[in-house]
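Please look at the sequence and the structure shown here before reading the report. The text is meant to be read beside them, one heading at a time.

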Amino acid sequence: MSVTSWFLVSSSGTRHRLPREMIFVGREECELMLQSRSVDKQHAVINYDSNRDEHMVKDLGSLNGTFVNDLRIPDQTYITLKLSDVIRFGYDILFHS
């Protein structure tokens, strides 16, 4: 297992450590809550694959989408995150992994 820690860094510089487990991203009742009208209540999920030591993001069918490096990812499809990827949930929240 890797000893590397992964963080999401918001556009304001706030760091959110990614745990080695599944977390939900959204406006309500999620491990990572974002205050944006363009983010659904449960918008996306970030999962950790311990066998491959990778984090993956999946959009949960949100209205405004989840983007990795400005490309909208398909609903219900995991995308593997790489160092320095830019992730956007909805329109106006940017994160770097």
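## Basis of the model

This is a predicted model, in which local features need a pLDDT of at least 70 and side-chain atom pairs count only at pLDDT 80 or more, while totals for chains, interfaces and linings use all residues. Residues are numbered from 1 along each chain as its sequence is written, and side-chain values use heavy atoms, with hydrogens and water left out.

## Overall fold

The protein has 11 strands and 0 helices, where strands (E, at least two residues) and helices (H or I, at least four) are DSSP runs numbered from the N terminus. Along the sequence this gives the pattern β-β-β-β-β-β-β-β-β-β-β. The radius of gyration is 12 Å, close to the 13 Å that the globule rule gives for 97 residues, so the protein is as compact as a globular protein of that length; the radius is taken over C-alpha atoms, and the rule is 2.2 Å times the number of residues to the power 0.38. Along its principal axes, the C-alpha trace spans about 35 × 30 × 25 Å.

Of the 97 residues, 43% count as buried, a word that here means under 20% relative accessible area, with exposed meaning over 50% and partly exposed lying in between (1.4 Å probe, protein chains only). The protein exposes about 5,700 Å², of which carbon and sulfur atoms supply 50%; such areas come from the Shrake-Rupley method with a 1.4 Å probe, and for residues only the protein chains shown count as cover. Among contacts (heavy atoms within 4.5 Å) with a separation of 6 or more, 32% are between residues 24 or more positions apart.

## Charges and salt bridges

The protein carries 11 positive and 13 negative charges, whose mean positions are 2 Å apart. Lys and Arg count as positive and Asp and Glu as negative, with His and the chain ends not counted, and each charge is placed at NZ of Lys, CZ of Arg, CG of Asp or CD of Glu. Side chains of opposite charge can pair when their charged atoms come close. The count comes to 3 salt bridges, each being a side-chain nitrogen of Lys or Arg within 4 Å of a carboxyl oxygen of Asp or Glu.

One of them joins Arg88 to Asp70, at 3.6 Å from N to O. This pair links distant parts of the chain, 18 residues apart, with Arg88 in strand E10 (residues 86–89) and Asp70 in the loop between strands E7 (66–68) and E8 (71–72). Arg88 is buried, with a relative accessible area of 15%, whereas Asp70 is exposed at 60%. Another salt bridge brings together Glu54 and Arg52 at 2.8 Å, N to O, and Glu54 is partly exposed, at 22%. In the pair of Asp85 and Lys82, the closest N and O atoms are 3.9 Å apart, and Asp85 is buried, with 4% relative accessible area.

Asp49 lies in strand E5 (residues 44–49) and counts as buried at 19% relative accessibility. Not counting residues up to four places away in sequence, Asp49 touches Glu54 and Met56.

Ile73 sits in the loop between E8 and strand E9 (79–80) and is buried, with a relative accessible area of 6%. Leaving aside neighbours within four places in sequence, Ile73 is in contact with Val57, Lys58, Asp59, Thr66, Val68 and Ile79. Ile73 and Asp59 are 14 residues apart in sequence, and their C-alpha atoms are 7.1 Å apart in space.
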